[in-house]
Amino acid sequence: MGAPAKPEQSGRSDDGLMRGKLKKLLLFRLMLAVFFLALTLAVQGHRNEDLLGAKLLPLYVFSCILFLFTIIGSLSLQRFKSLVGFAWCQLLFDIGAVTVLVYLSGGIESPFAFLYLLVIVSSALLLYRRGSLLTASACSLTYGLLLDLQYFGWISPLRIVDESAQARHSGVYFFNLLIYIAGFYLVGFLAGYLAEELLKSSRTVRERDRDLRHLGALHRSIVESMTSGLLTIDLQGRIMFSNTAGQEILGLDRGRIEGHSLDGLFASVAVPQLPPGALAQGRSPANRAETLYIHPSGRTMSIGYSHSLLTNETGEPSGWVFIFRDLTRIKEMEEHIQRTEHLALAGKFAAEVAHEIKNPLAAMSGAVQMLREELNSEPIQSRLMGIVQREIARINELVTDFLWLAKGSPKPGEVETVQVCPAIEEILALLKAKNRITSSHAIRTDFRDRPSLLFDPNRLRQILWNLFLNALEAMPEGGELLIAASVEGINESETSVARIDIGDTGCGIAEEVKGRIFDPFFTTKGSGTGLGLSIVYRLVQESGGRIEVNPRPSGNGTVVSLFFPRQILFSCQMSSG
């Protein structure tokens, strides 16, 4: 598709070049006419002759015709379809104009015969070698005809510039004509040759310039189409260029990246040092590594990067190419897979020992109930029996939760449309009623949207209860609990996602334990089973959503973010492979 367009594009370029040359020819002719007219008037004025006398009238008429034809040519240039034909019209007029000027200034004695050479050079620039040789022939014919007519006395040229006339024999006429004709053809050949070489060179330059622009556009398109970030760094560690993907990953615009040092973005990444004999060793494989990056939003990102040597046109080192990717989601998927493997292993053990624990618990619970009925009259023994029965129920609940966590719920929950914001307010009210929210806790809600979900309401309440309770327990001395609800991706091209953010002002989560907080039985508290967040993670994953844990952007604390597709049906039934 691209090849046929090149001749047409080249033709348009040549037409534009030809039109520009014709405009310059018309301008040059106008300036030359004004110059010679002014020069003639100056000479005549220096001789104290009348500038308005009849003697100069033919020169004035000639000048007016020259000006008029030039103006008409300028106005009609845009209307001519054949620029070559227009150029021949102008050149033939120039030959005629020079011939008339030679006639007015004495014929063989005219000082203006050299203007034929300018016409030949102009034809070479417009029509190249063939045109210049044809123009030289035309100049030779017209000039030779003029001299022949003057020699045989058929015309008597005027002498406006110089009135003195010298008798010349036939040898002078023949020699003068021969010299000028030889000069016309010599100039025509040389000017045509040079014009063609100039045309070839200009076309070569235009083609190379076009290829260079296309190559540059291709390189820019490749760099800007990359999904990985790319930085070019000089030997001093300053960033010289960043592509669009890199700016999006870093969350910074071009002005906040380029011109700054690399270690200002990645504190743990140092500019590589060139080893001795780096060029002699050739290009080494790209070094791959990982680092952490603090996004302007405050979340910590895992960045994988590689760097390689950048050389200039002479092959000398000029810096480094730094390519990087956001590995945060990949790391989260790896953690999810590892967590799933842990749960699968736990499920295997749970399936084997759960009934071994639950059956004795059921027998113990029944026996304690019977003893409690028989010893109802003894308050102390009855209270002790109640404690035993309550602890048996607690153990049974713990085994049930662990079994559900390992193998999944035996049946799906009932799905219905759940309004997220009222559900949040309901859980907050329940926490206040149970005195989990005290006067030292400040509750702040930010409901930018009021999303709804197709969800099991009991499971949503369980998720919110565990996360709210976990955030409150992280602030034993009081603090602020921030709960926000919003809708993301409301464009037609994106999936609508409900987002719930739960932030606290507690001590935060240490980076070394962040990857383990969803593991079963892992807890940093002095009490608790360590199953709460594991259950939350399982419920969120079953819903098709995802959960993120990040430091709070402003100050201490943690923000837990939940993302739920708004149209997905929640099912808590897992495949029991």
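**Exercise 1. Two packed helices**

Is the crossing of α3 and α4 right-handed or left-handed?

*Solution.* The model is a predicted one, in which local features need pLDDT of at least 70 and side-chain atom pairs count only at pLDDT 80 or more, while totals for chains, interfaces and linings use all residues. Residues are numbered from 1 along each chain as its sequence is written, and side-chain values use heavy atoms, with hydrogens and water left out.

Step 1. Identify the helices. Helix α3 covers residues 83-104 and helix α4 residues 115-151; helices (H or I, at least four residues) and strands (E, at least two) are DSSP runs, numbered from the N terminus.

Step 2. Describe the packing. Two packed helices are described by the angle between their axes and the distance between the axes. Here the axes come within 9 Å and cross at roughly 35°. Axes are lines fitted to C-alpha atoms, for helices over the stretch in contact, and angles run from 0 to 180 degrees between N-to-C directions.

Step 3. Assign the hand. The crossing of α3 and α4 is right-handed. A crossing is left-handed if the near helix is turned anticlockwise from the far one by less than a right angle, and right-handed if clockwise.

Step 4. Classify the contact. The contact of α3 with α4 holds 19 nonpolar, six polar and one charged residues. In this scheme Ala, Val, Leu, Ile, Met, Phe, Trp, Tyr, Cys and Pro count as nonpolar, Asp, Glu, Lys and Arg as charged, and the others, Gly among them, as polar.

**Exercise 2. The second largest pocket**

State the volume of the second largest pocket and describe its lining.

*Solution.* Step 1. Give the volume. It is about 840 Å³. On a 1 Å grid over the protein atoms alone, a cavity is a set of points where a 1.4 Å probe fits but cannot get out, and a pocket is an open set with protein on both sides within 12 Å along at least five of seven lines; lining residues have an atom within 4 Å of a point. Grid points are joined across faces, edges and corners, and a volume is the space filled by probe spheres set on the points.

Step 1. Locate the centre. Of the 29 lining residues, T328, R329, K331, E332 and E335 are the closest to the centre of this pocket.

Step 2. Name the contributors. The elements giving two or more residues to the lining are β3 (287-294), β4 (300-311), α8 (328-374), α12 (532-542) and β11 (546-551). Helix α8 gives the most, with eight residues.

Step 3. Sort by class. The lining has eight nonpolar, nine polar and twelve charged residues.

**Exercise 3. Salt bridges**

Which parts of the chain does the salt bridge between K331 and E290 tie together?

*Solution.* Step 1. Confirm the pair. The side chains of K331 and E290 meet at 3.0 Å, N to O; a salt bridge is a side-chain nitrogen of Lys or Arg within 4 Å of a carboxyl oxygen of Asp or Glu.

Step 1. K331 lies in helix α8 and E290 in strand β3, so the pair ties together parts that are 41 residues apart in sequence.

Step 2. Buried means under 20% relative accessible area, exposed over 50%, and partly exposed in between (1.4 Å probe, protein chains only).

Step 3. Consider another pair. R499 and D501 also form a salt bridge, at 3.0 Å, N to O. R499 is partly exposed at 22%, whereas D501 counts as buried at 11%. Salt bridges that share partners join R444, E480 and R552 into one network. The whole structure contains 13 salt bridges.
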